[in-house]
Amino acid sequence: MANFETWMPRLIAPGAWLGQDARDWQIAFLSMFLLLGLTTRAWTLSPEVVGGAIATSLLTQYLCQTLSSLASNRVAKTSFNWRSPLITALGLSLLLRVDSVGTMAIAAIAAISSKFLLRWNTPGSASTPPKHFFNPANFGIITALLLTADARISPGQWGAEFWYGALFLALGGLVLRRVGRWDTTVAFLVSYAGLEAGRNLWLGWTGDVLLHRLSSGSLLLFALFMVTDPRSIPNHSGARMLWAGAIALLTFILRNVYFQSDAVFWALFILAPLTPLLDWLFPKDRFEWHLPRLSSVEVSS
Amino acid sequence: MFPIPFRIPRLKLLLSACLSLLLCFGFAAPAWAFCGFYVAKADTKLYNQASQVAIARDGDRTVLTMANDFQGDVQDFAMVVPVPTVLEEGQVHVGDPSIIERLDSFSAPRLVEYFDDDPCEPNRRFDQDALESRAVFSAPPMPQQLSAQKLGVTVESQFTVGEYDILILSAKESSGLATWLKQNGYKLPRGANALLRPYIRQKLKFFVAKVNLEEFDNSGFQNLRPLQIAYESPRFMLPIRLGMMNADSDQDLMIYLMSPQGRVELTNYRTVEIPSDEEVPVFVKNEFENFYTSMFDRTHEKEGRRVAFLEYAWNMAGCDPCSANPLTPEELRQAGVFWTQSSDRSGNIGPGRTPNRRVFKNNVFLTRLHVRYRRDKFPEDLMFQETGNQQFFQGRYVLRHPFKGEAKCAAGNRYRREVVQRQEQEAQTLASLTGWNLDEIRRKLPKVEVNASSWWDGLWKKSVEQSSDAAKREAAGGWWRSLWQ
């Protein structure tokens with residue numbers, strides 16, 4: 001009881017339970033969505049697949065981190081980063097549908113190793129470690145779609161019910177406010193909704209068709225939890241808006257001209273390599289997860 | 001570096017800049033309500049109830065079969081189906097009317113019966129799976145005027161296939177098309193104009209069919225046969241919006257989807273498995289249709305009326321249990337399965353074709369989706385995607401008949417108690433699935449005679465003979481008699 005003054009405010013204060021790292025919130029919300037999907041949407045998602053995703057992601061992160069530290073002689077200074085691979089694994093479990101644990105493992109290995117293999121050093125910032133530009137979960141999803149026969153995205157799996165959308169928006173907003181990447185979601189959703197609205201108007205469909213197209217749970221999850229990953233998207237806020245708008249445009253084209261139901265994931269994948277270019281054109285300090293920012297020793301998450 | 005993709009076609013599809021804009025929409029008569037409105041030549045009272053469609057698809061190639069259960073006078077029948085391209089005569093075919101029935105009976109939800117063993121003779125096992133019944137769903141010359149050009153309507157081609165006269169139209173404006181159709185004697189529902197526009201703006205052609213009475217009389221058929229069209233389009237969808245113009249009420253659509261890959265699912269609505277593998281009271285055998293429709297109504301309601309139900313997903317190579325024999329290769333061909341034709345149909349394997357490849361190409365995975373839609377819950381047309389998911393699923397309901405012999409041993413008594421518990425459980429399952437009154441269900445349950453028992457019954461072991469004697473005495477009365485012997 002001696003420390004009452006210390007812990008009581010922490011107990012009451014929002015966020016006290018989950019610490020200062022926004023990723024803790026993200027892990028909590030993604031787990032909640034997964035549980036919600038499994039219980040109310042009757043997904044055919046086995047615990048082995050989720051377990052496989054988590055185990056493979058953590059193991060790959062550990063191996064890559066160790067190898068990377070060895071290569072750069074920073075062994076002593078690197079602590080194991082478990083949050084990011086856990087978020088990636090939860091994201092994969094939420095979005096990717098597979099029939100075997102092996103397929104999920106391929107996705108997880110590709111996702112995590114992409115962070116270490118596909119990165120880019122911004123000119124003039126030699127002191128900071130290179131930045132990866134693919135969103136890991138997105139990279140894993142596309143790899144599994146390309147390499148395996150049983151991987152798929154089920155865009156209809158959430159349905160289009162209003163309260164899911166509201167829940168995703170509210171909780172996603174909470175995380176994004178802590179990270180400061182709200183602008184990306186807004187830019188993406190506004191541009192995409194604008195394009196779809198224009199098409200709807202031109203074709204002469206009624207408003208409920210537009211609303212139905214926009215209230216897809218998968219689209220909102222993407223907009224709130226994937227396109228906003230602060231570590232892989234452009235650092236400059238203006239560049240991010242431009243980038244998010246480009247993703248919205250490509251998604252719109254892939255969906256309505258090429259009839260790709262999983263258009264949004266392909267759009268992000270195709271445009272992710274623009275991040276280094278935009279970072280070079282619009283230089284700005286990069287994002288670090290920890291509030292007291294670490295300078296050079298942080299290994300990319 | 002990014003790994004080299006093995007699934008080239010998808011990437012090709014994505015990156016190719018020269019993919020044509022092909023779309024398929026349809027709108028038609030009541031039997032085909034999925035894709036449209038009825039355009040009658042006379043004021044016949046018609047209404048939409050249920051439709052059945054079969055879609056065979058591999059890559060972008062699609063064969064669409066539309067069942068025709070039109071009940072009115074055939075001279076009143078006419079339909080309009082938007083199609084992706086100008087269809088040539090060879091792309092349109094009149095199918096065998098029995099094909100949709102075969103698909104229906106093969107994939108229908110099924111009832112399975114099991115007969116309990118004699119509990120006194122546990123070694124003698126015989127499980128008899130008997131398929132009793134299945135849910136049966138009631139499936140649900142053209143004059144041209146000078147104004148055609150002014151109205152922006154072009155007759156792209158016209159031909160006769162079987163008992164149908166076919167016209168392929170293209171249009172610039174929905175009002176022009178509507179006026180043209182009206183001028184040519186087609187009766188359009190109110191509001192058709194506004195709904196034609198989105199389809200015209202997507203540069204669709206319109207497939208117009210009506211019955212050629214002379215050909216129909218010559219054909220000797222009593223009813224109209226299904227129309228089949230073959231086209232190539234990256235878009236995998238079924239238009240339902242136009243079909244909702246004829247009716248404000250719920251409409252049922254049964255879709256049989258055949259793919260060489262695996263299950264087909266909807267991408268813009270949830271696809272939900274219908275409750276299955278449930279044990280229900282044996283009296284359901286006599287009212288299975290009633291049971292299934294009540295259960296469907298209730299499940300549909302529970303899911304907010306905005307989902308599609310999966311009723312069957314299985315490889316055509318087999319079934320367990322089978323509600324009907326799997327379709328033969330010839331029947332599959334008639335249902336539009338074209339990819340098996342690439343291998344030698346006589347069974348010989350041609351040069352350069354490995355046996356495995358042949359088996360793979362012969363794979364036909366059937367998905368049966370049941371969509372009950374209404375304007376307010378299904379604003380958008382149905383969009384599908386093929387998946388590699390080969391997991392089997394069927395709507396299957398189990399009847400377990402209690403052993404009807406005397407079963408005089410001690411195990412027999414225990415068995416009877418279990419049967420009573422089981423029946424109660426089955427009654428509750430039935431009530432929760434269908435929403436039927438639980439007390440009424442209980443009243444319909446067969447009576448099982450169970451003697452009162454006590455916790456000490458099983459304590460003092462008796463020989464089988466003693467137990468049988470005890471059972472006799474039990475039947476004579478006195479719960480205690482079996483105890484003090």
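**A walk through a two-chain model**

The link of B:Cys120 and B:Cys409 is left-handed, with -95 degrees about the S-S bond. This is a predicted model. The two sulfur atoms of B:Cys120 and B:Cys409 lie 2.1 Å apart, and the pair forms a disulfide. The count of disulfides over all chains is one. The two partners can be taken in turn. B:Cys120 counts as partly exposed, because its relative accessibility is 28% and the buried class ends under 20%. B:Cys409 has a relative accessibility of 12%, so this cysteine counts as buried. A:Cys64 counts as buried, because its relative accessibility is 15%.

Now turn to chain A as a whole. Its secondary structure comes to 13 helices and four strands. Chain A has 301 residues, and 56% of them count as buried. Look next at how its contacts run along the sequence. Take the contacts in chain A between residues at least 6 apart in sequence: 77% of these join residues at least 24 apart.

One residue of chain A shows sequence and space side by side. A:Pro283 lies in the segment after helix 13 of chain A, which spans 274-281. A:Pro283 has a relative accessible area of 60%, so this proline is exposed. A:Pro283 and A:Ala239 are 44 residues apart in sequence. In space, their C-alpha atoms are 9.3 Å apart.

Next comes the place where the chains meet. The size of an interface is often given as the accessible area lost when the parts come together. Between chain A and chain B, the buried area is about 3700 Å². Carbon and sulfur atoms give 58% of that area. On the chain A side, 44 residues are in contact with 45 residues of chain B.

What kinds of polar link cross between the chains? There are 14 residue pairs in polar contact between chain A and chain B, both residues of each at pLDDT 80 or more. The count of salt bridges between the two chains is two. In one of the salt bridges, the side chains of B:Glu380 and A:Arg213 meet at 2.6 Å, N to O. Several elements of chain A give two or more residues to the side that touches chain B: helix 6 (136-147), strand 4 (152-153), helix 8 (182-203), helix 9 (207-214) and helix 12 (263-271). Helix 6 of chain A gives the most, with five residues. By type, the residues on this side of chain A divide into 23 nonpolar, 13 polar and eight charged.

Chain B has its own points to visit. Start with helix 4, residues 174-183. Its buried residues are B:Ser174, B:Gly176, B:Leu177, B:Ala178, B:Trp180 and B:Leu181. An α-helix has 3.6 residues a turn, so residues three or four places apart point the same way. Just after helix 4 of chain B comes B:Gly185, with a positive phi of about 90 degrees.

End at B:Ser259. This serine is in strand 12 of chain B, residues 251-259. Is B:Ser259 buried or exposed? Its relative accessible area is 1%, so B:Ser259 is buried. What does B:Ser259 touch, not counting residues up to four places away in sequence? The residues are B:Arg57, B:Val264, B:Trp339, B:Asn363, B:Val364, B:Phe365 and B:Glu386. With B:Glu386 there is also a side-chain link: a polar contact of 3.0 Å joins B:Ser259 to that residue.

Conventions
Residues are numbered from 1 along each chain as its sequence is written. Chains are lettered from A and ligands numbered from 1 in the order in which they are written. This is a predicted model: local features need pLDDT of at least 70, side-chain atom pairs count only at pLDDT 80 or more; totals for chains, interfaces and linings use all residues. Side-chain values use heavy atoms; hydrogens and water are left out. A disulfide is a pair of cysteine sulfur atoms within 2.5 Å. Buried means under 20% relative accessible area, exposed over 50%, partly exposed in between (1.4 Å probe, protein chains only). Contact means heavy atoms within 4.5 Å. Buried area is the accessible area (1.4 Å probe) that two parts lose on being put together, summed over both. A salt bridge is a side-chain nitrogen of Lys or Arg within 4 Å of a carboxyl oxygen of Asp or Glu. A polar contact is a pair of N or O atoms within 3.5 Å; within protein, one must be able to donate a hydrogen and the other to accept it, and residues adjacent in sequence count only if both atoms are side-chain atoms. Ala, Val, Leu, Ile, Met, Phe, Trp, Tyr, Cys and Pro count as nonpolar, Asp, Glu, Lys and Arg as charged, and the others, Gly among them, as polar.
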